[in-house]
Amino acid sequence: MLYLLFTMVSQKWGLGKCLKNRIREYRAKYDMKQEDLAKLVGVRRETIGKLEKGIHNPSLVLAWNIAKAFNISIEDIFTVESSSYIDK
C-alpha cells in the first residue's frame with residue numbers, strides 16, 4: 001500500500017527521477033562489461049543495468065564504490081537534476 005502511494009506521489013511530482021549517471025559511458029571508456037563492474041563493486045550485473053537505465057538509484061556507498069572503480073569523484077559520474085517538486 002505504501003509503495004503504491006509513494007509511486008503515485010513520485011509520478012505526480014517527479015520524485016526519484018532526479019539522479020542521472022554516466023556509468024555506461026565510463027564502462028565503454030574502460031572497455032568494461034556490466035558484469036566486470038558488478039564484481040568490482042560487489043553487486044549483481046542486473047543492479048548495474050538497472051542503475052544505468054535509471055530504474056534504481058544507488059546507495060551512497062555503492063555510488064562511492066562505482067566512482068572509485070573508475071578513479072573519479074562521485075560528481076563526475078552522478079549528477080542531480082532538479083525535479084519539479086523541489087523547484088516549487
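The model is predicted, and the protein chain averages a pLDDT of 83, with 73% of the residues scoring at least 70. Its secondary structure comes to 7 helices and 2 strands. Of the 88 residues in the protein chain, 27% count as buried.

**Overall layout and confidence**

- Among contacts in the protein chain with a separation of 6 or more, 57% are between residues 24 or more positions apart.
- Please take care with residues 2-9, where pLDDT stays under 50. For this stretch the model has 2 contacts beyond four places in sequence.
- Where pLDDT is low, the predicted coordinates should not be read in detail.

**Gln 34, in helix H3**

- Helix H3 covers residues 34-41, and Gln 34 belongs to it.
- Is Gln 34 buried or exposed? Gln 34 counts as buried because its relative accessibility is 16%, and the cut-off for buried is under 20%.
- The side chains of Gln 34 and Arg 45 make a polar contact at 3.1 Å.
- Beyond its neighbours within four places in sequence, Gln 34 touches Arg 27, Arg 45, Ile 48, Gly 49 and Glu 52. Helix H4 spans 45-53, while helix H2 spans 23-29.

**Val 43, between H3 and H4**

- You will find Val 43 in the loop that links H3 to helix H4.
- With 26% relative accessibility, Val 43 counts as partly exposed.
- Leaving out neighbours within four places in sequence, the contacts of Val 43 are Ala 38, Ile 48 and Leu 62.
- For Val 43 and Leu 62, 19 residues apart in sequence, the C-alpha to C-alpha distance is 8.7 Å.

**Ile 74, in helix H6**

- Helix H6 runs over residues 74-77, and Ile 74 is part of it.
- Setting aside neighbours within four places in sequence, Ile 74 is in contact with Leu 60, Ala 63, Trp 64 and Ala 67. Helix H5 takes in residues 60-69.
- Ile 74 and Asn 21 are 53 residues apart along the chain, and their C-alpha atoms are separated by 9.6 Å.

**Two loop residues with positive phi**

- Asp 31 has a positive phi, near 50 degrees. Asp 31 sits in the loop between helix H2 and H3, and this residue is exposed, with a relative accessible area of 72%.
- Phi is also positive at Asn 71, near 60 degrees. The loop between helix H5 and H6 holds Asn 71, which counts as exposed at 71% relative accessibility.

**The cavity**

- How many cavities of 30 Å³ or more does the structure hold? There is 1, and the volume of the largest cavity is about 30 Å³.
- The lining of the largest cavity is made up of Leu 19, Asn 21, Leu 51, Gly 54, His 56, Asn 57, Pro 58 and Phe 78.
- Sorted by class, that lining has 4 nonpolar residues, 4 polar residues and no charged ones.
- Asn 21 links two of these topics, as one of the lining residues of the largest cavity and as the residue whose C-alpha atom is 9.6 Å from that of Ile 74.

How values were computed
Residues numbered from 1 in each chain as written. Predicted model: local features only at pLDDT ≥ 70, side-chain atom pairs only at ≥ 80, totals over all residues. Heavy atoms only, no water. Helix = DSSP H or I, 4+ residues; strand = E, 2+ residues; numbered from the N terminus. Buried < 20%, exposed > 50% of the residue type's maximum accessible area, 1.4 Å probe, protein only. Polar contact = N/O pair within 3.5 Å; in protein donor to acceptor, adjacent residues only side chain to side chain. Contact = heavy atoms within 4.5 Å. 1 Å grid on protein atoms, 1.4 Å probe; cavity = no way out; pocket = protein on both sides within 12 Å on 5 of 7 lines; lining within 4 Å. Points joined across faces, edges and corners; volume = space filled by probe spheres on them. Nonpolar A, V, L, I, M, F, W, Y, C, P; charged D, E, K, R; others polar. pLDDT = per-residue confidence, 0-100.
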